[in-house]
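Please read them with the sequence and the structure open beside you.

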Amino acid sequence: MTTPREALLHVEDVHKSYGPVPVLKGVHLDLYPGEVHALAGGNGSGKSTLIKVLAGIEHADAGTLRVPGRPTTDLAGFGAAASSRAGLRFVHQDLGLVLDMTVAENFALSRGFPARFGAVAWSRLRRAVADRLERFDLAVDPGARVASLRPADRTMVAVARALADDEPGQILVLDEPTASLPHHEVDILLDALARRAAKGQAILYVSHRLAEVLSLAHRVTVLRDGTVAESRPTADLDGLGLAELIAGRSVETLYPARAVPTEKPERPVVQVRELCAGPLREVSMEAHAGEIVGVAGLLGSGRSTLLRSLFGAVVPRSGSITVEGRPLPPSVRAAMRAGVALVPEDRQREALFGDLSVVRNTTIATLARHTRWSWLRPSSERAATRDAIDDFAIRVPAPAQAITRLSGGNQQKVVLARWLQREPRVLLLDEPTQGVDVLARADIYRRLREVAVGGTAVVVASSDVEELANLCDRVVVLRAGRVSARLRGTEVAIPAIVRHSYADREAS
Amino acid sequence: MSRALGERYGLLLLLAGVCLFFGVLPASAAAFPTAANLQAVLGNIAVVSVLGIAAVFPLVGGHFDFSVAATSLVSSITCAALLSDHHAPLVVGVAGGLLAGLVVGLVNATLVAVLRLNAFIVTIGTATLLPGVVQWYTGGVGITRDIAQPLRDLGSGTWLGLPRVIWPVALVIAACWFVLGQTAVGRRLHAVGSNPAAARLVGIPVTRVSFLAFVISGGLAGVAGILLTARNGGGLVTSGVDLLFPALAAVFLGGTAIDPGRYNVLGTVVGALFVAVSVSGLTLAGAADWVPDVFNGAALVVAVAVSTLLARRRGTP
């Protein structure tokens with residue numbers, strides 16, 4: 001990769017400030033033909049800002065961009081059209097597909113409808129799209145609604161659409177493409193991308209997930225505090241090495257040490273017996289004070305349903321749930337009174353109050369303790385928020401700002417702090433580190449272990465097998481709504497979890 | 001931070017500017033900066049402010065309410081009919097008017113919060129239906145006989161140099177400011193308006209909170225109806241309904257002030273003042289009849305644009 005050939009994309013000395021705060025301080029980036037180049041960095045490293053500058057969404061204060069055969073461009077006036085002319089093709093995390101429309105219609109939305117006598121030439125459109133999909137090895141019917149496609153295929157459809165004009169020298173920029181994909185879909189997508197790369201497609205790949213960066217990318221550029229900390233081949237890097245580059249310091253371990261196995265109290269804090277709800281069939285499990293229990297399983301295996309049932313948000317068809325020996329009625333408020341807390345899977349839709357401030361998001365589940373004579377005391381709310389900010393090292397410009405101004409990792413810390421203030425007996429977390437960068441992840445893992453040691457039963461449902469294998473004391477594996485394995489001690493490992501998640505379904 | 005201050009008090013500054021303008025403008029300088037005109041303006045904003053605040057509660061909870069003005073009409077007619085047609089004591093008349101407002105609020109609450117119908121459409125429905133019912137009941141003739149004198153005095157008298165109606169309105173403003181901005185109930189309503197799914201998962205009874213917002217809205221519209229009866233000296237069949245748009249203009253203008261980007265009680269009052277002062281100034285300066293309408297409409301559009309852009313800028317980095 002170090003041969004002196006012309007870069008497909010040469011970005012130099014990018015500066016950008018938001019008000020007085022410098023975010024990019026002289027960043028450079030070189031992308032070579034046929035290369036998958038990963039862009040990595042923690043929250044606030046400037047990674048997203050650089051992508052926005054390249055997409056022409058944000059204007060840099062200074063910096064230049066050069067692509068072969070074109071004059072050097074000043075990034076200060078670089079808009080979306082200029083970005084497209086430079087050959088940059090973006091696929092953002094939300095893909096920009098309309099789920100209710102067909103694949104062909106989605107192509108036409110951005111590329112135009114072919115017309116015949118003023119009417120849409122549907123058959124011509126279908127043929128063109130079918131041809132395009134075939135060249136991307138996508139076994140997808142152009143007439144299929146996007147909503148009916150599997151998640152990895154949707155992403156590839158967006159990729160095929162982004163590259164549809166076939167100009168030479170196109171650079172595909174993927175911004176966190178796997179953030180909302182379940183584990184097995186990630187593998188399928190990475191395979192498909194690797195095939196594109198093998199055919200010579202240059203890719204700029206932005207991801208929090210170190211394993212993906214290492215398996216897919218040839219080179220990685222690590223941003224830290226608005227500067228390039230390192231830009232080098234991935235061949236001689238491992239996960240820990242990359243994490244340390246991102247952190248800028250040694251990361252002893254991402255995961256905290258497991259608890260020393262002690263004598264378990266005879267009665268579990270949570271006991272689930274023969275639970276039937278949603279996809280769940282006769283699921284029994286328990287969680288004791290002081291342990292972290294993982295819930296593994298593929299999408300649709302019932303992971304989330306199990307957690308939501310424990311939180312009273314799903315009404316079970318049959319079976320029983322007891323907390324501290326008392327039956328739990330199917331109501332969120334009853335579950336909260338019983339000391340249960342849930343950090344939901346979909347942060348944006350189910351946890352955050354987007355137009356409320358950080359303070360109000362922090363205290364929403366503990367309003368009673370900030371109330372005197374039915375008067376909410378702002379000073380008390382601010383003090384509680386300050387405590388949470390200090391406790392979790394949350395990066396907050398100002399607590400009175402809207403929560404949406406924080407990065408994903410900091411938002412998740414706020415949601416976690418919201419619940420930890422209640423000192424729950426049972427802490428349920430659904431995908432606790434989705435869209436959370438590696439440093440914030442280490443903070444969250446460490447905090448979960450502390451909470452468990454403090455006597456809380458912690459239950460973590462996740463599609464990230466590595467996370468479960470390294471964090472949990474025990475793992476319950478669900479398959480098609482049934483418990484397929486209960487792993488403990490040394491059995492808690494990636495191969496076992498994967499095997500029991502995937503094994504053939506029994507006839508039921 | 002100076003920008004934040006500018007946002008917060010921008011509307012107040014604008015209000016001061018408008019006052020100064022009409023106070024100096026030769027055409028209105030004689031009549032505008034007088035105690036009599038101040039009293040007239042304050043008397044006019046009494047009902048509009050209460051109606052605006054009535055709409056604020058559902059709006060904070062994420063629902064439109066177009067029925068507040070029609071509800072106040074029903075309340076006003078009920079009060080007047082009880083006093084005039086049925087010779088009821090004043091207390092019964094007032095209680096009946098308030099009850100009428102609460103009943104409409106309950107109906108809206110049931111349709112929107114319990115049955116989960118679209119509030120936008122439901123309240124346009126009730127806002128169309130209620131004046132029709134009033135037409136049927138009154139035969140299109142206002143009820144102005146035998147209205148109890150204390151109620152008339154409330155509408156036209158002064159106390160401590162200010163119109164009497166201002167005093168109960170000040171109480172309503174203070175109470176609503178407290179409930180919406182300073183209590184857990186108000187905070188929960190904001191949370192429901194922001195994200196109902198997340199609100200449910202922090203233990204907020206979403207249905208009950210939305211229900212309550214519409215009942216409070218109906219009750220406040222009831223209060224506005226009583227004040228209307230007092231101001232008009234009876235129940236007029238067309239009064240109230242024409243206040244919907246000034247009230248909504250006050251609400252949306254208010255969304256640009258005090259707590260910028262969010263509907264709020266004090267902002268609504270400032271918004272109502274702004275519209276009333278401007279219209280009064282324009283009228284005294286001899287502007288044509290159509291000018292106040294154009295001004296109200298323009299203020300509404302500008303207010304929505306400004307408050308939406310503020311909220312959007314707050315929401316995105």
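**Notes on chains A and B**

1. In chain B, residues 209–230 are 100% helix and 0% strand, with end C-alpha atoms that lie 32 Å apart; helices here are DSSP runs of H or I of at least four residues, strands are runs of E of at least two, and both are numbered from the N terminus. Please bear in mind that this is a predicted model, in which local features need pLDDT of at least 70 and side-chain atom pairs count only at pLDDT 80 or more, whereas totals for chains, interfaces and linings use all residues. Residues are numbered from 1 along each chain as its sequence is written, and chains are lettered from A and ligands numbered from 1 in the order in which they are written.

2. The unreviewed UniProt entry annotates "transmembrane region" over several spans of chain B, including 90–112 and 209–230, although such annotations may be inferred rather than shown by experiment. Residues 90–112 of chain B are 100% helix and 0% strand, and their end C-alpha atoms are 33 Å apart.

3. Helix α12 of chain B (residues 244–254) is mostly covered, with ten of its eleven residues buried, that is, having 20 or more other C-beta atoms, placed from the backbone, within 10 Å of their own. Among them are B:Leu244, B:Phe252 and B:Gly254.

4. Where chain B meets chain A, the contact takes 19 residues from chain B and 26 from chain A, two residues being in contact if their C-beta atoms, placed from the backbone, lie within 7 Å. On the side of chain B, the elements giving two or more residues are α9 (184–194), α10 (196–200) and α14 (290–315), and α9(B) gives the most, with five residues.

5. Chain A holds an open sheet of six strands in the order β6-β9-β10-β3-β11-β12, with mixed pairing; strands pair if DSSP finds at least two bridges between them. Its edge strands, β6 (88–91) and β12 (227–233) of chain A, each pair on one side only.

6. β6(A) pairs with β9 (residues 171–175) of chain A in the parallel sense over four bridges, and A:Arg89 has A:Leu172 in β9(A) as its bridge partner. Helix α5 (residues 151–162) of chain A packs on the sheet, touching β6 and β9 of chain A, and its direction makes about 160° with that of β6(A); such angles run from 0 to 180 degrees between N-to-C directions, with axes fitted to C-alpha atoms, for helices over the stretch in contact.

Key: A residue is buried if 20 or more other C-beta atoms lie within 10 Å of its own, exposed if 12 or fewer, and partly exposed in between; C-beta atoms are placed from the backbone.
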